[in-house]
Amino acid sequence: MPSASVPDTFEAGAFHPDHGTRRISGTLHIVPDGVRFEADGSLFQLPLEDLDVNLGGASDRLVFFAHPRFANVSIFTSDQAVLNHPAFANNRPLARARDRIRRRKLVSRCITLGILTLFFAAIAGVWLAKDPMVQAVASKVPAEWEKKLGDTAFAQITLTSKLVTDDAVQKQLAQLAAPLLAVVPQDRYTFKLHIIEDASLNAFALPGGNVALHTGLILKAESPEEVLGVLAHELSHVSEQHGMRGIVQGLGLYATVSLLFGDVSGLAAILVNNAPFLLSQKFSRDHEREADERGFRYLEAAKLNPRGMITFFEKMRREEEKLREKIPGGEALDALDFLSTHPATTERTERLEKLLAKSPRKDGFTVVDLNFKEFQSALRAKLSQPEKAKKVDAKEQNKK
Ligand SMILES: [Zn+2]
């Protein structure tokens, strides 16, 4: 009895000695005592007893029927549903053959799956190893090259920016940063801190140790800890080689792997041409997160309260919201450079809050040894374009 889902008739082909090597097209019928092939002018049958069933053809898509008593006769169909015909269910040798075929299919499926799994695991492995590889290449780059690259880029910045070089101000900045610098590893770099006269809430770091704070950032900070929070973040970009890692990453995976196993002398030429790139470089989100966390650890090690880092990022978020309200399109957000490269998301401050809650230091932070208001006034006095004058100008212009 045929089951409802498996038909008795299948499209089929056959070979028979009467037709030489020619393939005959016809139909296969499952009848109570065997498999019957019918075509124009041909009709023959193979008994169920001792029937051979095998898979063949491309990708084993065809089911072949043969019988030891009828040599050179074979019937085949591409419809594998035939294997599930109930006529074969009670035929033991055939059931075994069917199981064998199913097992073989299963094995080949497992092999395919295994190969695919290995393939994707290899890709995932390379993907996961990408950042450690980039890091390893960056650490092979001689510190002097990195310093030269950063110095070249910084020299380009000073062509258009004004530095505050006043001794007294510099001395106060050094005093502010001293406890932080004492905990940042300096075996590879000597840090140079700069103040750039610019009203935007910005700071940046270049490979090799140049770190710059904009006057706007220092003057809008409400505590020395806020400035130190940003400074710790920027120092981390240097110590973690984010600039160099960005350049290596930009070279691609192939170059990274060959630099990893070869020598890095080929990078020298690339670095010379990369100074302008550095100036427009944005760190990846991963590097930003790393700088936040590493910076937090530096502050913690220096017994400086990381709360300032959090309140400063919150201040930036408020500034951003204010700007968004003013300019719905958000085009003028570029005016706040630090914001465009350092999105002050709640996720960011929340992560830092969690670190602070878990900090073993928690409340045992030291008081910063600097009169911050005095530092700000000293700095304000050195501005070539006083803030107030600027604001009045802006108002006058608005009136017009
Ligand atoms: Zn950053």
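**View 1. The buried residues of helix H2 pack against strand S10 (210-214), helix H6 (242-251), helix H8 (267-272) and helix H9 (275-280).** Welcome to this predicted model; we start at helix H2, which covers residues 143-160. Its buried members are Glu146, Leu149, Gly150, Ala153 and Phe154. Looking down the axis of H2, you would find these buried residues within an arc of 125°, so they line one face of the helix.

**View 2. Helix H2 from end to end.** How far apart are the end C-alpha atoms of H2? They are 27 Å apart, which agrees with the 26 Å that its 18 residues should span at 1.5 Å a residue.

**View 3. Strand S10, one of the elements that H2 packs against, is mostly covered.** Five of its five residues are buried. Asn210, Ala212 and His214 sit on one side of the strand, while Val211 and Leu213 sit on the other, and both faces are covered.

**View 4. Strand S10 and its pairing with strands S8 and S9.** Strand S8 (residues 192-196) pairs with S10 in the parallel sense, over five bridges. Strand S9 (residues 203-205) runs antiparallel to S10 and is joined to it by three bridges. To find your way, look for Ala212 in S10: His194 stands opposite this residue, and Ala212 is also the bridge partner of Phe204. S9 and S10 form a hairpin with four residues between the strands, and here Gly208 takes a positive phi near 95°.

**View 5. An open sheet of seven strands.** In what order do the strands of this sheet lie? The order is S4-S3-S2-S1-S7-S6-S5, with antiparallel pairing. At the edges are strand S4 (42-47) and strand S5 (52-56), each of which pairs on one side only. Neighbouring strands of the sheet are turned against each other by 30° on average, with direction ignored.

View 6. Strand S1 (residues 9-15) and strand S7 (residues 74-77) run antiparallel and are joined by three bridges. A handy landmark is Phe15, which stands opposite Ser74 in S7.

**View 7. Two residues with a positive phi, Asp50 and Gln241.** Asp50 is not a glycine, yet its phi is positive, at about 65°. Gln241 counts as buried, because it has 24 C-beta neighbours inside 10 Å.

**View 8. The two domains of the chain.** Stepping back, the domain assignment of the protein chain gives domain 1 (9-107) and domain 2 (141-399). Taken over C-alpha atoms, the centres of domain 1 and domain 2 are separated by 77 Å.

How values were computed:
Residues numbered from 1 in each chain as written. Predicted model: local features only at pLDDT ≥ 70, side-chain atom pairs only at ≥ 80, totals over all residues. Pairing = 2+ DSSP bridges. Helix = DSSP H or I, 4+ residues; strand = E, 2+ residues; numbered from the N terminus. Axes fitted to C-alpha atoms, helices over the stretch in contact; angles between N-to-C directions. Domains from an automatic or database assignment. Buried ≥ 20, exposed ≤ 12 C-beta atoms within 10 Å, placed from the backbone. Expected span 1.5 Å × (residues − 1). Arc of directions from axis to C-beta. Contact = placed C-beta atoms within 7 Å.
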